Amino acid sequence: MARRTRTLDVAVIGLGRFGTSLALELMQAGDTEVLGIDSDPAAAQAVNGRLTHVAIADSTSEDALRQLSVQEYDRVVLGIGSHLEASILTASVLLSLGIPNIWAKAITDAHARILRQLGVHHVVQPEHDMGAKVAHLVRGRMLDFIEFDDGFAMVKTAPPRETVGLRLGDTGIRQKYGVTVVAVKRPGEGFTYATADTVVHDGDTLIVSGLIPETERFSELT
């Protein structure tokens, strides 16, 4: 008998563009129940019937969130960005409710710093992060770019001409450029994990990991 996967319960507070997009994406997973909360009736009405539950409520009120049983949710996403006071007050209420996993959107570095000082577990800056990603894409010739902590990144790029036809173990990529080829994708196929015996072909796509300057320099070799 197949074991049922536990449903994840997520509350999304603030149904602007960010909150709505995130809430709808969570619903697409199929194993996530989403409660959307906004103080604006129009914002709540716009997603009514598309989320598991939708509520019109003042998220700065602890009583209001308790009535919605937000404290029982696995994770809460605080999507309020433009109203700084409401964001900070709501974060404070969520922390007082003992929510174990809070994600919050920040619109400025100062906003992010305040949220972290309050104790919010995860703070994201979508506009800043997207701007940084596009800047890296513009500077290099990479196809995609994901930055992690401490200046580490993974990029999607074409292979340098000098590596085509060679086994990865014979290319000396790690020694020459300080990056590691993690996966390779052939045209019309999916990605496969790269090994020392993987032969690089013209038209392949590589997933490469390393420090940001090294990954950018490597992508420029294509």
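**Entry 1**

I started with Phe218, which is buried at a relative accessible area of 0% (buried is under 20%, exposed over 50%, partly exposed in between, with a 1.4 Å probe and protein chains only). I note that this is a predicted model, where local features need pLDDT of at least 70, side-chain atom pairs count only at pLDDT 80 or more, and totals for chains, interfaces and linings use all residues. Residues are numbered from 1 along each chain as its sequence is written, and side-chain values use heavy atoms, with hydrogens and water left out.

Next I looked up aromatic pairs. A pair of rings is described by the distance of the centres and the angle of the planes. The rule takes rings of Phe, Tyr and Trp (its six-membered ring) with centres within 6.5 Å; planes under 30 degrees apart are stacked, over 60 edge-to-face, the rest tilted. How many aromatic pairs does this rule give? I get two.

Phe148 and Phe152 make a tilted pair, at 6.4 Å between centres and 50 degrees between planes. Phe148 is partly exposed at 41% relative accessible area, and Phe152 is partly exposed at 34%.

**Entry 1: Helix α5**

I then turned to α5 (residues 109-118), where His111, Ala112 and Leu115 are buried. Looking down the helix axis, I find these buried residues within an arc of 100 degrees, so they line one face; the arc is that of directions from the axis to the C-beta atoms. Asp109 and Gln117 are exposed on the face turned away from the buried side. The cover over the buried residues includes α4 (84-96), β5 (102-105) and β6 (122-124). Just after α5, Gly119 has a positive phi of about 115 degrees.

**Entry 2: Ile102**

Ile102 belongs to strand β5 and is buried, with 0% relative accessible area. Which residues touch Ile102, leaving aside neighbours within four places in sequence? I list Val76, Leu94, Leu95, Val120, His121 and His122, with contact meaning heavy atoms within 4.5 Å.

**Entry 3: Domains**

The domain assignment, automatic or from a database, gives domain 1 (8-124) and domain 2 (133-220). I noted 37 Å between their centres, taken over C-alpha atoms.

Note on methods:
Helices (H or I, at least four residues) and strands (E, at least two) are DSSP runs, numbered from the N terminus.
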